Structures are given as structure tokens and as C-alpha cells.
Amino acid sequence: MTYRNPVPTVDIIIALRDRPDQPIVLIERMNPPHGWAIVGGFVDYGECLEDAARREALEETGLKVELIDLLGIYSDPSRDDRQHTISAVYMAEAVGEPKADDDAKSVGIFSAWQSPNQLCFDHAQILQDYWRFRTYGIRPTIK
């Protein structure tokens, strides 16, 4: 019997705590699907989610992050057209100047409720949940 299981991923919303209003870092993806995205990627075998989050942030932006909290788990089977993924989305803070590396074509810094037009995956919903939580303290609802 062959089992098909969802693939674990992490996404990290990085707030720059050394800038006014603590804007967040997004990356423009180098690989398909093209567009803007929250920093993140696949969890390696034998790696815990938190270590994967720190690794992906460092690989894609050059920033060493401090994980602050878990925003939520996003698991809609259609969230990624390539395959069924389940993402643990972390809120993190960092200082310094992000730079595009690894899978990132470029990086952008965005203020509250500001985001690029072409967001990949379900990242528009995740960012809406994030800004609502950061502004009003309201956590995403379980669907």
C-alpha cells in the first residue's frame, strides 16, 4: 500500500524591530510559482519546525530571527498547486538589512496592511490574519 501524506512546511513573518512601525519582510520568488511570498519553505527530515523556520529565514533573507509566536497552522489542500502542504506560520523579529538569497529573487519591506499585488499560495489570507492579530490581538479562527 502506498501512502500519500501532506508535506510539512514553515512560513515566517519577519517584523524588523529596528525600524519605525516594524514593517515585515516578503520575498519575490525566483522559482515557480512566481510572485511575492512570506519567507518559508520545506521542513527537512529530522528537523523540528522551529529550526526549519530559523534556517529558511537565514537562507532566504540573511536575517537571524527570533521566533515570537505561532500565528497558526494552514492546511487547505489547495493552498499550493504543486502538492498538498501543511504550513506552521511563525511570527518572528529581526534586526538588520534583509538581502535576497537562496530561492529569493528579491526582498521587499512592507508596512501594515501593505502588500504587493501578486502574492503566492494562501499568503494574502495569512497576512490578513497576521495584521489583524498584530493590530487587534485577534487570532485567526479555526475553519
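Biologist: Which is it for Tyr130 and Trp131, buried or exposed?
Modeller: This is a predicted model, where local features need pLDDT of at least 70, side-chain atom pairs count only at pLDDT 80 or more, and totals for chains, interfaces and linings use all residues. Residues are numbered from 1 along each chain as its sequence is written, and side-chain values use heavy atoms, with hydrogens and water left out. A residue under 20% relative accessible area is buried, one over 50% is exposed and one in between is partly exposed (1.4 Å probe, protein chains only). Tyr130 and Trp131 are both buried.

Biologist: At what relative accessibility does Trp131 count as buried?
Modeller: Trp131 sits in helix α2, residues 123-136; helices here are DSSP runs of H or I with at least four residues, strands are runs of E with at least two, and both are numbered from the N terminus. Trp131 counts as buried because its relative accessibility is 3%.

Biologist: What does Trp131 contact, leaving aside its neighbours within four places in sequence?
Modeller: Contact means heavy atoms within 4.5 Å. Ala112 is 19 residues from Trp131 in sequence, with 6.7 Å between their C-alpha atoms. Ala112 is also among the contacts of Trp131, which are Ile24, Phe110, Ser111, Ala112, Trp113 and Tyr136.

Biologist: How many aromatic pairs does a search of the whole structure find?
Modeller: Rings of Phe, Tyr and Trp (its six-membered ring) pair if their centres lie within 6.5 Å, and planes under 30 degrees apart count as stacked, over 60 as edge-to-face and the rest as tilted. With that rule, the number of aromatic pairs found in the whole structure is two.

Biologist: And how many residues apart are Trp36 and Phe110?
Modeller: Trp36 and Phe110 make an edge-to-face pair, 5.6 Å centre to centre with 85° between the planes. Both residues, Trp36 and Phe110, are buried. The pair links distant parts of the chain, from strand β3 (residues 36-42) to strand β6 (residues 104-110), and the separation of Trp36 and Phe110 is 74 residues.

Biologist: What is the angle between the planes of Tyr130 and Trp131?
Modeller: Tyr130 and Trp131 are an edge-to-face pair too. Their centres are 4.9 Å apart, and the angle between the planes is 65°.

Biologist: Which residues have the most contacts inside the largest nonpolar core?
Modeller: A nonpolar core is a set of buried Ala, Val, Leu, Ile, Met, Phe, Trp, Tyr and Cys residues joined through side-chain atoms within 4.5 Å. Elements β1 (7-16), β2 (24-29), β3, α1 (49-61) and β5 (85-94) each give at least two residues to the largest one. Of its 21 residues, those with the most contacts inside it are Val10, Ile12, Ile14, Val65 and Leu67.

Biologist: What is the phi of Phe121?
Modeller: Phe121 is in the loop between β6 and α2, and counts as partly exposed because its relative accessibility is 28%. Asp102, in the loop between β5 and β6, has a positive phi of about 55° although it is not a glycine. Phe121, again not a glycine, has a positive phi near 55°.

Biologist: Which residues lie closest to the centre of the largest pocket?
Modeller: On a 1 Å grid over the protein atoms alone, a pocket is an open set of points where a 1.4 Å probe fits, with protein on both sides within 12 Å along at least five of seven lines, and lining residues have an atom within 4 Å of a point. The largest pocket holds about 370 Å³, a volume being the space filled by probe spheres set on the points, which are joined across faces, edges and corners. Its lining has 16 residues, and closest to the centre are Ile73, Tyr74, Ser75, Thr141 and Lys143.
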